[in-house]
Amino acid sequence: MKVVANMKHRTCRICGFITHPLVDDELGVTYDVCNNCYFIYKQEMYHPTLKVEKERYLKHHNSDDNMQYVTYMESFIKEAIEPLSIKGKILDFGSGPVPILKRLLQDRKYDVHDFDPFFNNDLSYQNHSYELIILTEVLEHIVNPLHTLKSLFTYLEQDGKLLIQTQLHNMDEQKFLKWWYRRDISHVGFYHTKTMKFLAEMFNLKIIRNNLIDQVTFMKVG
């Protein structure tokens with residue numbers, strides 16, 4: 001039986017404005033598109049179950065044996081983390097089955113904690129505050145991003161940094177419907193540069209870097 005998408009008026013998970021539906025015939029899903037902050041959200045009926053989501057993550061080859069991934073993460077550290085001159089604690093939130101980023105940062109003498117709801121559900125990270133919190137390919141999986149971000153900001157020090165890596169959909173809807181990034185079944189939220197600006201205003205943050213592709217760094221200013 002074909003699932004009928006919810007075409008009623010729905011509101012944006014980020015800014016609360018009314019959205020319009022965008023039907024993806026190729027993947028058989030429908031998104032809610034916000035004309036205010038440009039956030040695109042896959043409607044809930046198309047989200048994977050937790051079991052399917054975890055199975056998807058286990059298919060990622062993000063391990064020490066994958067030298068291509070290790071090299072990629074080393075470039076990420078050099079490009080996005082080292083310029084921040086972090087001296088205090090770092091939280092790798094959503095570290096995955098194998099916390100490669102944590103290990104690489106510890107090799108560089110950083111003080112790193114990690115958390116992952118599937119693979120390291122240790123809430124002791126909440127006992128600390130952090131100079132830097134990193135979400136690497138995490139935000140696009142989160143069902144309630146405002147709730148998660150609001151919670152994380154309570155652990156971020158004044159002038160601390162939040163580094164988000166997620167592919168930005170700085171494109172029109174027709175290009176989005178051909179975009180490779182939407183194909184991952186575990187991706188439910190898609191962010192635009194304007195979405196990031198809205199988040200900065202909402203949480204009293206300052207965007208100190210945006211490469212307009214996949215990396216945005218915020219600083220907590222109030």
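Colleague: Where is Val188 found?
Modeller: First, a caution: this is a predicted model. Val188 is in the loop between helix H5 (173–176) and strand S8 (189–190).

Colleague: Is Val188 buried or exposed?
Modeller: Buried. Its relative accessible area is 2%, and the cut-off for buried is under 20%.

Colleague: What does Val188 touch, not counting residues up to four places away in sequence?
Modeller: Val188 touches Ile40, Tyr41, Lys42, His47 and Pro48, and also Glu140, His141, Ile142 and Val143.

Colleague: And how are Val188 and Ile86 separated?
Modeller: By 31 Å between C-alpha atoms. Along the chain they are 102 residues apart.

Colleague: Switching to the sheet. What is the strand order?
Modeller: S5-S4-S6-S7-S10-S9. That is six strands in an open sheet, with mixed pairing.

Colleague: Which strands stand at the edges?
Modeller: S5 and strand S9 (205–210). Each has a single partner strand, so one side of each is left without a neighbour in the sheet.

Colleague: What does the twist average?
Modeller: 20° from one strand to the next.

Colleague: In which sense do S4 and S6 pair, parallel or antiparallel?
Modeller: Parallel, over three bridges. Ile90 stands opposite Leu132 in S6.

Colleague: What does H4 touch on the sheet?
Modeller: H4 packs on the sheet and touches S4, S6, S7, S9 and S10. Its direction makes about 145° with that of S7.

Colleague: Now the cores. How many residues are in the largest nonpolar core?
Modeller: It has 35. Leu135, Leu162 and Met196 have the most contacts inside it. Elements supplying at least two residues each include strand S6 (130–136), strand S7 (156–165) and helix H6 (193–202). H4 gives the most, with four residues.

Colleague: What is Leu135 in contact with, leaving aside neighbours within four places in sequence?
Modeller: Phe93, Ile142, Leu152, Leu162, Leu163, Ile164 and Gln165.

Colleague: Last topic, H3. Which of its residues are buried?
Modeller: In helix H3 (residues 100–107), they are Ile100, Leu101, Lys102, Leu104 and Leu105.

Colleague: What do those buried residues of H3 pack against?
Modeller: Helix H2 (67–81), S4, strand S5 (111–115) and S6.

Colleague: And what is H3 followed by?
Modeller: Lys109, whose phi is positive, near 75°.

Key:
Residues numbered from 1 in each chain as written. Predicted model: local features only at pLDDT ≥ 70, side-chain atom pairs only at ≥ 80, totals over all residues. Heavy atoms only, no water. Core = buried A, V, L, I, M, F, W, Y, C linked by side-chain atoms within 4.5 Å. Buried < 20%, exposed > 50% of the residue type's maximum accessible area, 1.4 Å probe, protein only. Contact = heavy atoms within 4.5 Å. Pairing = 2+ DSSP bridges. Axes fitted to C-alpha atoms, helices over the stretch in contact; angles between N-to-C directions.
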